[in-house]
Amino acid sequence: MATKCGKCGPGYPSPLEAMKGPREELVYLPCIYRNTGTEAPDYLATVDVNPKSPQYSQVVEPEEIHAKCDLSYLHTSHCLASGEVMISALGDPRGNGKGGFVLLDGETFEVKGTWEQPGGAAPMGYDFWYQPRHNVMISTEWAAPNVLRDGFNPADVEAGLYGQHLYVWDWQRHERVQTLTLQDGLIPLEIRFLHNPAADQGFVGCALGSNIQRFYKNQGGTWSVEKVIQVPPKKVKGWILPEMPSLITDILLSLDDRFLYFSNWLHGDLRQYDISDPKRPRLVGQIFLGGSIVKGGPVQVLEDQELKCQPEPLVVKGKRVAGGPQMIQLSLDGTRLYVTTSLYSAWDKQFYPDLIREGSVMLQIDVDTVRGGLKLNPNFLVDFGKEPLGPALAHELRYPGGDCSSDIWL
């Protein structure tokens with residue numbers, strides 16, 4: 001953990017020690033109104049997740065968000081050992097692709113400049129993860145903001161406007177040293193190194209490719225990537241294409257590097273894989289939480305390599321859940337998984353219009369960490385459709401003091 005950024009946090013010395021930390025009581029979620037028809041500022045919601053609290057599964061403290069930066073479409077933030085905060089970007093102020101990184105002062109949050117060398121930005125950007133022990137950072141790419149911000153157009157895929165590369169950076173020199181082309185790996189989004197700081201491998205989720213790819217360091221010091229999980233598409237009727245990809249949108253690893261989790265936003269399922277052997281992940285848990293193929297919806301599944309029938313719609317505490325599982329966050333001890341259902345407002349509007357009308361939700365899944373398995377907590381529902389200013393779209397989940405997808409150990 002970073003020197004300055006970690007002052008107010010617990011500062012666990014290792015991932016395994018972090019697993020022994022106290023149960024989470026609050027979760028932070030950025031929420032937006034963009035493209036929902038509500039003229040209100042985006043805000044940061046604080047959700048009470050303490051089951052002993054009278055405000056359990058309620059929004060307790062919304063705060064307005066204001067940000068200034070020369071790069072556009074900022075995404076991932078990580079603390080650095082220098083005390084600075086580093087944030088990835090998808091593009092420049094004109095909406096063109098530009099995979100750069102902004103540096104902020106860790107105490108004042110003033111913009112200090114860019115991390116990469118002048119003129120050294122990647123063609124596109126999205127997520128990143130660094131590993132100082134191997135002098136490496138690896139970043140991913142989605143598309144230029146001008147391509148993705150108004151929704152998904154299949155013609156943009158044919159035109160090659162979506163990303164399919166990983167970029168390997170020299171951590172000390174701040175320079176790109178390698179570009180990895182992903183086989184069948186369209187739109188690589190979230191990337192995770194194993195939490196063990198000595199590890200020289202990790203995973204990336206490819207959204208449109210609907211697969212998980214493992215990246216690893218070779219003996220000569222270069223890096224390679226291989227596909228280790230493929231979610232097959234479903235042949236459908238009543239959708240924009242004859243085949244529906246699962247659209248893997250978020251992944252994370254348990255702090256002990258034993259389990260990989262990822263969400264299939266379109267198909268509607270959340271999966272748990274045992275990665276004791278990272279080269280051969282093994283499916284041990286799966287649960288459906290809405291999605292585009294539920295019974296009674298507009299999509300008819302004609303051919304499915306995995307399911308015998310379309311899943312039932314999800315109803316929690318009397319509310320039918322719109323959308324599908326998207327952003328996820330795991331408790332430090334690995335026994336609770338939190339899920340939200342909004343991806344990006346323009347894509348929400350296109351694929352799940354009910355999300356725009358009703359707002360997104362936050363759910364909680366109980367995890368079996370012995371044999372594997374996922375089970376919905378029927379008593380937990382945060383309904384962002386009931387916010388005071390109208391239905392909102394909740395996105396990424398973060399804990400005070402660090403979590404499974406933001407902390408990097410040195």
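A nonpolar core is a set of buried Ala, Val, Leu, Ile, Met, Phe, Trp, Tyr and Cys residues joined through side-chain atoms within 4.5 Å.

**Entry 1: confidence**
I am working with a predicted model, so I looked up pLDDT before anything else. The mean for the protein is 91, and 93% of the residues reach 70 or more. Residues 1-8 fall below 50, and I found 19 contacts for this stretch beyond near neighbours in sequence. Residues 64-70 also stay under 50, with 11 contacts beyond four places in sequence. I will read both stretches with care.

**Entry 2: overall build**
I counted up the secondary structure: 5 helices and 31 strands. Along the principal axes, the C-alpha trace spans about 55 × 50 × 45 Å. Of contacts between residues at least 6 apart in sequence, 56% join residues at least 24 apart.

**Entry 3: surface and interior**
I noted an accessible surface of about 17300 Å², with carbon and sulfur atoms holding 49% of it. Buried residues account for 58% of the 410.

**Entry 4: the cores**
Which residues have the most contacts inside the largest nonpolar core? I found Trp142, Tyr162 and Trp347, in a core of 34 residues. Helices α2 (145-148), α4 (345-351) and α5 (353-358) each supply at least two residues of this core, and α4 gives the most, with 3. There is also a second, separate core of 28 residues, and I jotted down Ala18, Leu314, Ile328 and Trp409 as among its members.

I then listed the neighbours of Trp142, leaving out residues up to four places away in sequence. Trp142 touches Tyr162 and Trp347, and its other contacts include Leu90, Met124, Leu148, Ile187, Leu189 and Tyr344. Two glycines, Gly125 and Gly163, are on the list as well.

**Entry 5: serine 139**
Is serine 139 buried or exposed? Its relative accessibility is 2%, and buried means under 20%, so serine 139 counts as buried. Serine 139 sits in strand β10, which covers residues 136-139. What does its side chain pair with in a polar contact? I found the side chain of tryptophan 169, at 2.9 Å. Beyond four places in sequence, serine 139 touches Trp169 along with Phe101, Asp127, Phe128, His165, Leu166 and Tyr167.

Conventions: Residues numbered from 1 in each chain as written. Predicted model: local features only at pLDDT ≥ 70, side-chain atom pairs only at ≥ 80, totals over all residues. Heavy atoms only, no water. Helix = DSSP H or I, 4+ residues; strand = E, 2+ residues; numbered from the N terminus. Buried < 20%, exposed > 50% of the residue type's maximum accessible area, 1.4 Å probe, protein only. Polar contact = N/O pair within 3.5 Å; in protein donor to acceptor, adjacent residues only side chain to side chain. Contact = heavy atoms within 4.5 Å. pLDDT = per-residue confidence, 0-100. Areas by Shrake-Rupley, 256 points an atom, 1.4 Å probe, with all protein chains shown as cover.
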